Amino acid sequence: MNDDRYQKNHNNTPLLVLIFFLTLMILIGGIYLVVGAVRYVHDRTGVLVQETESEAAPGAAYDTEEAENLQSSEALADGELSGEDTVIDSQSVEPSSVDVVAVVKKVMPSIVAVTNKSVQEVSYMYRGTAEIESESSGSGFIIGTNDTELLIATNYHVIADASTLTVCFSVETENEEDAVAAAMVKGSDEEYDLAVLAVSIEDIPDEVMEQISVAQLGSSAALVVGETAIAIGNALGYGQSVTLGIVSALNRTIEVDGVMGVYIQTDAAINAGNSGGTLLNANGEVIGINTAKVSASGVEGMGYAIPIDEARPILEQLMERETREKVEGSERAYLGVYTQDISSEARELYDIPSGVYITYVESGSPAEAAGLQQGDIISAMDGVNVSSTEGFENLLTYYRAYETVAMEILTSSSGTYSAKTVSVTFSEQPEESDRPEERTGPFGDMVPFR
């Protein structure tokens, strides 16, 4: 009997041990689950706090930008050029951290759309010639003021041959027409494809003046390949648009309209209408002026901008020039020469400098009185570089008869060109019956008389 009881008690001992361990494991598991739940709630709360802070950050940035824009507006009223501000090191900004929205908000008030209306003479086979009005679009940005004018930088090819020029500011107005103002050419440089426009401050409504600002100029010398590039411009004439990319290459030498230049290459989309607009770094500073793109089958993402360090001294000179309106009819200046473009091939073959080649000088003309001769090259007039007959003719349309200007001439002697400056006093335009006919130039094409 005693042996049987012992055996029974002995057999229950493992079961009790098992029950004890199962109870202990359940207890430990419960504690683990409770601790995990507490951690989850804590971590989740922290994440939500971080997300809220991240969403709040742009608002703080906008407040800062609004303050900066207010300062820019005050500087604008005082005639200060904010491009002289201290440049922030663009290399310190990581591309992944760029707030494009904040950059656009900061810069957009300085961007304008430029509309060029011109009259082109078209020849028809059986109907003679006819004048047709055409319109083209481009971009620009505000770079400063003087006592009476708001000054805007753009490309020369945006304003070339214009009969009238207007700019549209990137502002909000009740009446859309209030954002549009007439512009005149302050100065231009065809060789560097740069121009400065002037808008009378009196023509700009107070509502617009309160919103616009001066663009801040950066430094293209500080650029590195791979950093952020933001392009803003009047793409396709539809209004301002923004594209984002990187600086693809520096110091790219390409030929644009027959003129070689050194450019910044970017893959930020640049299209027709972007010309004259801004290429910006991550700080919203202008690092280049968009001017060209490569359009060909199999080519994508190759846009080019004039480095701002190259453009700045030229723009500063153009800003100091006298603002001129186009002169029409018989009041327009007359020089009395045939001129012709010098092709890049001819320049290399004959070692001819850049400018326009004089193929004929009219007897008794202002050109002859000034000492100009066949074979001379006009390289500049009134401080403006001349590189094509079209550009030279366009430049002459801003001068009146009997005005006197300085003209820079290159004269060949024994195959070597020497420079001299002559004073030229223009005369009135001759009557059509007295105007010489076109002649064939030394390179085989017909050249006009001016």
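A polar contact is taken here as a pair of N or O atoms within 3.5 Å, of which, within protein, one must be able to donate a hydrogen and the other to accept it. In the predicted model, the side chain of E149 makes such a contact with the side chain of T323, at 2.7 Å, and a further polar contact, of 3.0 Å, joins the side chains of E149 and K186. E149 belongs to strand 3, which spans residues 149–154, and counts as buried because its relative accessible area, 11%, falls under the 20% cut-off. Beyond residues up to four places away in sequence, E149 touches G144, A198, V199 and I201 as well as K186 and T323.

The chain as a whole comprises eight helices and 20 strands, and 43% of its 450 residues are buried. Of the contacts between residues at least 6 apart in sequence, 66% join residues at least 24 apart.

The largest nonpolar core contains 50 residues, and V167, F169 and L335 have the most contacts inside it. With neighbours within four places in sequence left aside, F169 is in contact with I111, V112, I142, L150, A179, A181, I204, V208 and I212. Another core, of 33 residues, lies apart from the largest one and includes V98, I111, A292 and I314.

Helix 2, formed by residues 100–107, has A102, V103, V104, K106 and V107 as its buried residues. The N-terminal end of helix 2 is capped by D99, a side-chain oxygen of which lies 3.3 Å from the backbone nitrogen of V101.

Key
Residues numbered from 1 in each chain as written. Predicted model: local features only at pLDDT ≥ 70, side-chain atom pairs only at ≥ 80, totals over all residues. Heavy atoms only, no water. Core = buried A, V, L, I, M, F, W, Y, C linked by side-chain atoms within 4.5 Å. Buried < 20%, exposed > 50% of the residue type's maximum accessible area, 1.4 Å probe, protein only. Contact = heavy atoms within 4.5 Å. Helix = DSSP H or I, 4+ residues; strand = E, 2+ residues; numbered from the N terminus.
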